[in-house]
Amino acid sequence: MSVKITFAAPKLPRTGAVAVGAMEGRKLSPSAETLDKTAGGTLSRAIKQGRFTGKKGQILELVAPAGLHNSRILLVGVGKTKDLKDLDLENLGGSVVARMSDTGEAGVTIMVDGLAEAVRPPAERAARYALGARLRSYRFDKYKTKVKPEDKPGLKSVTVMVANPAAARRAFASHEKVAEGVAFTRDLVSEPANIIYPKSLVAEAKKLSKLGVTVQALGESEMRKLGMGALLGVGQGSARESQLLIMRWNGAATPRGKNAAPLAIVGKGVTFDTGGISIKPAGGMEDMKWDMGGAGVTIGLMAALAGRKAKVNVVGICALAENMPSSTAQRPGDIVTSMSGQTIEVINTDAEGRLVLADALCYVQEKFKPKAIVDLATLTGAIIIALGHNYAGLFCNNDKLSDQLTAAGKSVGEPVWRLPLAAQGESYDKDIDSQAADMKNVGNRAGGSITAAQFLQRFVNKGTPWAHLDIAGTTWSSKDTPTVPKGGTGFGVRLLDRWIADNHEK
Ligand code: BES
Ligand code: MN
Ligand code: ZN
């Protein structure tokens, strides 16, 4: 459940909570000035008292100010207006929602004025503000049955006041579809593994058919016929049947475009990763419920694209399996044959993500001949050691694709950092040569994220532009940021939506 957003023509509300801007140097926006006058200078007095200078992100809260009937005024620091970027506006919207959520206010009105020098037209600014508000208002609390009503975040609606509300509404319409995709992804990664397992994840994805997405799934017998020994090996210790989820959105505008090769998004969907026989330690193992984060992003992205009717053809493939130890589980040392024909010695059953992806990558190329592939996977703990929790790791065989993804990530606040990828037969790649098979599924400890990417590259046809995003560090957050409450982040949905919008819908 997230807040309802409406746009309206500028008119200061006489009651309730209202957020107004202040620029760097304690300069009030026009609507803040008006309030200040009505309140006999309460606002300007308040900002003289403290540290509030109007710096970007600062919020000064005045409760029941004398002379006004409003329940509270939020003075929102917007900094220097000419420096304001889209992301800043989103962050401001998110910060207002965060600040309001435990006040007991049911609604807040945001006055977006006084930003004359900012880059975007006012309607687009208002839409960005609203997007931030919407993203931050996400909650996953369906299993909390005992929270008292008075302890629940009560904010239900946000009204954004802007000169041209109809234009703002239009600009927000597609942002809202992306926000819905992000929320869907966050829901999927937040659900525990007794609820989300391969077949139930397929059932969730089937909900996209009402948006016009074609959704299909292959079960184990069909995958066996295709020779997907790598994916099947991972799931063979689980009571839950493995699945290959296939989603298609054919949104290209022209008849010729409709037949054009699609972009392919491939997601790791290990619905729970115990490590298998190479079992993980107990501490923190519950995190492995979100080892389907790549699949979650792929599904949420398809929802976003179909929701906003993106003019592009995209196929989303998710490799879904549960990695369990049992008497039927694969053993270290087992050799499996992948769909590509290449054999893999499974040294460590906990390096399972690359195994399920190997067959998904092979499948998507054989079946769809995509013009580019991006895979997303919570693939390695090593990426968290390398990059922490802000940047996802990017591995790419194509400089142009790499630059596009880097730019898209930067502009939506889901940044990626490129790491090395060697050609086949070179340095890092040699680390996964096996004595017994074509390759083994782990290198040594050093450069663990890179050898994982090298492994995936062995399943990508030469000449196909391909990028791998290791999102192990960014899929889940232990702290709030202005637009992302702690928990499942949905990192990747906005990045890929922007990448597609900027490079493949022209
Ligand atoms: N799902 C994990 C990676 C992971 C770790 C994701 C922490 C999110 C948070 C992956 O399947 C895994 O277990 N990787 C191993 C690889 C190793 C055995 C080569 C790892 O990173 O330890
Ligand atoms: Mn693992
Ligand atoms: Zn895993």
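**Exercise 1.** Into which domains is the protein chain divided?

*Solution.* In this predicted model, the chain is divided into domain 1, which covers 4-167, and domain 2, which is made up of 196-389 + 444-503. Taken over C-alpha atoms, the centres of domain 1 and domain 2 are separated by 39 Å.

**Exercise 2.** Describe how domain 1 and domain 2 meet, going from contacts to area and then to salt bridges.

*Solution.* Begin with the contacts: 10 residues of domain 1 touch 8 residues of domain 2. Next comes the area buried between domain 1 and domain 2, which is about 750 Å², with carbon and sulfur atoms giving 48% of it. On the side of domain 1, the residues that lose the most area to domain 2 are Asn91, Leu135 and Arg136, which together account for 59% of what that side buries. Finally, 2 salt bridges are counted between the two domains. Arg136 also forms a salt bridge with Asp480, in which the closest N and O atoms are 3.4 Å apart.

**Exercise 3.** Which residues are the protein donors of the manganese ion (ligand 2), and are Asp350 and Glu352 buried or partly exposed?

*Solution.* The protein donors are Asp273 (OD), Asp350 (O), Asp350 (OD) and Glu352 (OE), at 2.0 to 2.2 Å from the manganese ion (ligand 2). In sequence, these donor residues follow the spacing D-x76-D-x1-E. Asp350 counts as partly exposed because its relative accessibility is 22%, whereas Glu352, with a relative accessible area of 1%, is buried.

**Exercise 4.** Which residue bridges the manganese ion (ligand 2) and the zinc ion (ligand 3)?

*Solution.* The bridging residue is Asp273, and the two ions lie 3.2 Å apart.

How values were computed
Residues numbered from 1 in each chain as written. Chains lettered and ligands numbered in written order. Predicted model: local features only at pLDDT ≥ 70, side-chain atom pairs only at ≥ 80, totals over all residues. Heavy atoms only, no water. Donors = N, O, S within 2.8 Å, 3.2 Å for Na, K, Ca; no water. Buried < 20%, exposed > 50% of the residue type's maximum accessible area, 1.4 Å probe, protein only. Domains from an automatic or database assignment. Contact = heavy atoms within 4.5 Å. Buried area = accessible area lost by both parts, 1.4 Å probe. Salt bridge = Lys/Arg side-chain N within 4 Å of Asp/Glu carboxyl O.
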